[in-house]
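I opened my notebook to look up a few residues and their charged pairs. Here is the structure I worked from.

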Amino acid sequence: MKLLPWRRLTSEANTTLFSKIPNIPSLSLFNMSRLHTQPNQEDIFDPPFSPILKPHNNIPKKRNKKNDDASIKDSNFTVNSDLPFDFRYSYSETNPAVEPIGFREPPRFSPFGPGRLDRKWTGTSAPRVQPVDLEKVAEERRRVLGEPLSDEETAEMVEKYRHNDCSRQMNLGRGGVTHNMLEDIHNYWKRAEAVRIKCLGVATLDMDNVCSHLEDKSGGKVIYRHINILLLYRGRNYDPKSRPTVPVMLWKPLAPIYPKLVKNVVDGLTFEETKAMRNKGLNAPPLTKLSRNGVYVNVVDKVRAAFETEEVVRLDCTHVGTSDCKRIGVKLRDLVPCVPILFKDEQIILWRGKKDEEQNSGS
């Protein structure tokens, strides 16, 4: 059989290569196979050739639910909080006097986690268990605050924390004064005497409400307020080691279902008058345009001034969101006061009410 040229070169190269290697016995494929298939007696228990053991059956044991619940209750992570108020997701944006008509999730699911709090979750709050001595709480707060700051001390602290590049800053958003925000405030107070709070969104409609809840729930004092910027002071005698225990919510609870805000027929008007009032508001020019997570500090004063000459006012809330529009309408209803008669396409239509009723209530 005649080899091709490239085959001839390959065979010649192999012969030359093996001829240059000294004292290497030529091993055939048959001998190589015998090396692996017939090991010596000493190599029988060599790890590579040892027999394969059967794998263990790792079947998980059945867990006892009762024992798990007992261990959860008896564990060390259960928090016994003695704070003198009911725990809510948001303190400034909820009204405890208004009862919900339904829930979007079962009330038994506590946002603090199973067995982590000694209070029972009702779907909207975790009420305090023991009665509170308000005089004792007020006395303890006065002790922590100590003597009031002098004008020089206040000016020095304001100059230190009021700027935008302050590292001790928190943002207060659409949720207002939330429960987990209290824990963040105390964490800031470990290394700083005051914390800068920047308020945005619906909560800025009523800054007095925000300040009161911050002081009441945290125990500090607002020493500076400019438009939507606040400085919350911790007090002279504040001790981070003896700070109050604030349990943290592990998730945001779903908002419950409240009664309908706008009725089909507004109280004091007929169906035709209500329809005409809504059309008039939709065709009226907007009083102001609100942006998402904006600053609404002057909106209440603008609406009050507009109601002196106008009967219906429209607020353009494009891109604000439907839920925020309803929150704005509820706050304006209580602060102005007025009657929201329509929420449509992110437009808020407000009616000032009848003048006769306002004059009677004023007299």
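My entries on one residue and several salt bridges follow.

**Ground rules.** I am reading a predicted model, where local features need pLDDT of at least 70, side-chain atom pairs count only at pLDDT 80 or more, and totals for chains, interfaces and linings use all residues. Residues are numbered from 1 along each chain as its sequence is written, and side-chain values use heavy atoms, with hydrogens and water left out.

**Entry 1: N209.** I found N209 in helix α7, residues 207-218. Helices here are DSSP runs of H or I with at least four residues, strands are runs of E with at least two, and both are numbered from the N terminus. Is N209 buried or exposed? N209 is buried, at 18% relative accessible area. Buried means under 20%, exposed over 50%, partly exposed in between (1.4 Å probe, protein chains only). Leaving aside residues up to four places away in sequence, N209 touches S92 and K331. Contact means heavy atoms within 4.5 Å.

**Entry 2: salt bridges.** I noted 13 salt bridges in the structure. Each needs a side-chain nitrogen of Lys or Arg within 4 Å of a carboxyl oxygen of Asp or Glu.

- R128 pairs with D86, with the closest N and O atoms 3.6 Å apart. The two sit 42 residues apart, each in a loop. R128 is partly exposed at 38%, and D86 is partly exposed at 29%.
- R243 bridges to E183 at 2.7 Å. R243 lies in a loop and E183 in helix α6, so the pair ties together parts 60 residues apart in sequence. Both R243 and E183 are buried.
- D208 meets R225 at 2.6 Å, N to O. D208 is in helix α7 and R225 in strand β5.
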